[in-house]
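Please open the structure in your viewer and keep the selection panel at hand. We will go from one selection to the next and say what is found at each stop.

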Amino acid sequence: MEGFKITSDPNDLDFDVIYQFISTSYWAKGIPKITLKKAILNSMVFGLYEDSGRQVGFARLITDKATFAYLADVFVLDKYRGRGLSKFLLESIVEHPDMQGIRRFMLATQDAHGLYEKFGFEAVENPEILMQIWQPNIYKQEQL
């Protein structure tokens, strides 16, 4: 996309931009910096940048690069929305060579179903097979 680029190089990430957004998001409000750093370090990352190098978006994949991937922490800064950048980011992720042949590619979202559906994501047909350990207040506990 003209004026923007995406890279999977973790050395290009601007952690301050990422932390500022994610730590105030509905899905990870209050996440400790050390926890987010560890999550990023152990994930496949996608940074979205202006040609100037300023980071304006991010996403990460938790994956074995063979059978399973979970898409997390996807965002485009508010100022840059409405330009097709989220589509550009998602296209780069689903078309990445390491994501070809993945059997199960998952995510959880409260508000962007329409975006993800454009890339083949759909509601889980048989949610009864899925289980989880859910600790919604874990970030509050870690700060104590």
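Which residues have the most contacts inside the largest nonpolar core? Select I18, I22, L36, I40 and F58, which hold that place in a core of 23 residues. A nonpolar core is here a set of buried Ala, Val, Leu, Ile, Met, Phe, Trp, Tyr and Cys residues joined through side-chain atoms within 4.5 Å, and buried means under 20% relative accessible area, exposed over 50%, and partly exposed in between, with a 1.4 Å probe and protein chains only.

Before going on, note that this is a predicted model, in which local features need pLDDT of at least 70 and side-chain atom pairs count only at pLDDT 80 or more, while totals for chains, interfaces and linings use all residues. Residues are numbered from 1 along each chain as its sequence is written, and side-chain values use heavy atoms, with hydrogens and water left out.

Next, colour the elements that give two or more residues to this core: helix 1 (15–22), helix 2 (33–41), strand 2 (44–50), strand 3 (55–63), strand 4 (68–76) and helix 3 (85–94). Helices (H or I, at least four residues) and strands (E, at least two) are DSSP runs, numbered from the N terminus. Helix 1 gives the largest share of the core, six residues.

Now centre the view on I40 and, leaving aside its neighbours within four places in sequence, look for L13, F15, I18, V45, F58 and R60, with which I40 is in contact (heavy atoms within 4.5 Å). A second, separate core of 17 residues can be found by selecting L61, L89, M99 and F121, which are among its members.

The last stops are the salt bridges, of which the structure holds three; the term means a side-chain nitrogen of Lys or Arg within 4 Å of a carboxyl oxygen of Asp or Glu. Select D73 and R60, whose side chains meet at 2.6 Å, N to O; D73 is in strand 4 and R60 in strand 3, 13 residues apart. Are these two residues buried or exposed? D73 is buried, with a relative accessible area of 9%, and R60 also counts as buried, at 12%.

K65 lies in the loop between strand 3 and strand 4, and D98 in the loop between helix 3 and strand 5 (104–107), so the pair ties together parts that are 33 residues apart in sequence. K65 is partly exposed at 45% relative accessibility, and D98 is partly exposed at 27%.

Finish with R81 and D78, whose closest N and O atoms are 2.9 Å apart in their salt bridge.
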